[in-house]
Amino acid sequence: MNNNPVKYLRPIFVNKNIIGESEVWEPLSGGRSNKIWRIGNKVCKLYDQNRSSELFPNDPVNEQNILNALKGTSLAPELIYFNKFEIGPVLVYKFVDGPVFKKPTKTIAQSLSKLHSISSENIILKTRNSSSKNLLQQCKKLLTGYGSDELNLPNDPNINDSEVKSIIHGDPVSGNIINSGNHAVLIDWQCCAIGDPSEDIACALSPAMHHLYGEGTLDLSTRRNFIKFYGNKEIVQRYHLLGHLYHARIAAYCLWRVRHGDQDYEAAFCKEKNFLDTIY
């Protein structure tokens, strides 16, 4: 990335009347993959496309497409501008006022359920396969170089890919969701896809992801309430069928991140593994 992206982008944005020349670029924390600034009532995201993985792709085009598709739903911020520059893809959206959530809540569950009920017809996004065979293959790929003593994988239960496909956020951790008062607004859509909605439940209820992006303990009562208020019994049942594999994949991903130098994922791995050992 350019050492001074603000110096590069400011004159472009001013010339296009996206921002005022005197507006302050305030760096925002929270994201681990991209550079993000608040500029008045807007947010600018500069993507680092070296920060991508199969499980959490950092795809700017997908994010642009989904923000356009979800305009007016209250589930996502309003897209203002998108372009690709020498320093990387850049997206600007309207700032959503409010704090991020601390835990997976009733409001988040209901917003995810609303998202998953929206027709994905004519929405151009990458698709994901959630068959048990594919999930196991992803686990094994992430665990390359590790022994079975690090993480025991279950036998393949031979569950086919879901016949019910919907828009999925892909990374609906509490820190990616703004509490705007009456509803939850999901941000950071760079991992979205057309896929199995039960994947979003698994990510939202992942002890590892909660450790990294939430606060406090992700206890059994919080998990039960989330599932209760999500409401769609068929999707919840699919989550229960594939839960062992979903959470094993997140644990394997944490080990993969540790191997690539992100040491804070070691504690996250321990959280996910402890959950696997307790529940499964």
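**Notebook: loops, helix pairs and cores**

I began with D188, which I found in the loop between strand 8 (184-186) and strand 9 (193-195). Helices (H or I, at least four residues) and strands (E, at least two) are DSSP runs, numbered from the N terminus. I noted that this is a predicted model, where local features need pLDDT of at least 70, side-chain atom pairs count only at pLDDT 80 or more, and totals for chains, interfaces and linings use all residues. Residues are numbered from 1 along each chain as its sequence is written, and side-chain values use heavy atoms, with hydrogens and water left out.

**Entry 1: backbone angles**

Most residues other than glycine have a negative phi. D188 has a positive phi, near 55°. Is D188 buried or exposed? D188 is buried, at a relative accessible area of 9%. Buried means under 20% relative accessible area, exposed over 50%, and partly exposed in between (1.4 Å probe, protein chains only).

I then looked up S74, in the loop between helix 2 (60-69) and strand 4 (79-85). S74 is not a glycine, yet its phi is positive, about 70°. S74 counts as partly exposed, with 29% relative accessibility.

**Entry 2: V164**

V164 sits in the loop between helix 4 (132-142) and strand 6 (166-168). Its relative accessible area is 45%, so V164 is partly exposed. Leaving aside neighbours within four places in sequence, V164 is in contact (heavy atoms within 4.5 Å) with G195, D196 and P197.

**Entry 3: helix pairs**

I took angles from axes, which are lines fitted to C-alpha atoms, for helices over the stretch in contact; the angles run from 0 to 180 degrees between N-to-C directions.

At what angle do helix 8 (residues 233-259) and helix 9 pack? Helix 8 and helix 9 (residues 265-279) pack at about 160°, with axes 8 Å apart. Helix 8 and helix 9 are therefore roughly antiparallel. Angles under 35 degrees count as roughly parallel, over 145 as roughly antiparallel, 65 to 115 as roughly perpendicular and the rest as oblique. Helix 8 passes helix 9 in a left-handed crossing. A crossing is left-handed if the near helix is turned anticlockwise from the far one by less than a right angle, and right-handed if clockwise. The residues of this contact divide into 12 nonpolar, two polar and three charged. Here Ala, Val, Leu, Ile, Met, Phe, Trp, Tyr, Cys and Pro count as nonpolar, Asp, Glu, Lys and Arg as charged, and the others, Gly among them, as polar.

Next I checked helix 4 against helix 8. Their axes come within 8 Å and cross at roughly 20°. Helix 4 and helix 8 are therefore roughly parallel. Helix 4 passes helix 8 in a left-handed crossing.

Helix 3 (residues 106-117) and helix 7 (residues 220-230) pack at about 35°, with axes 8 Å apart. Their crossing is right-handed. Among the contact residues are L112 of helix 3 and F226 of helix 7.

**Entry 4: cores**

L112 and F226 came up again. Both are among the residues that touch the most other members of the largest nonpolar core, which has 46 residues. A nonpolar core is a set of buried Ala, Val, Leu, Ile, Met, Phe, Trp, Tyr and Cys residues joined through side-chain atoms within 4.5 Å. Helix 8 gives the most to this core, six residues. Apart from it lies another core, of 25 residues, including L142 and A252.
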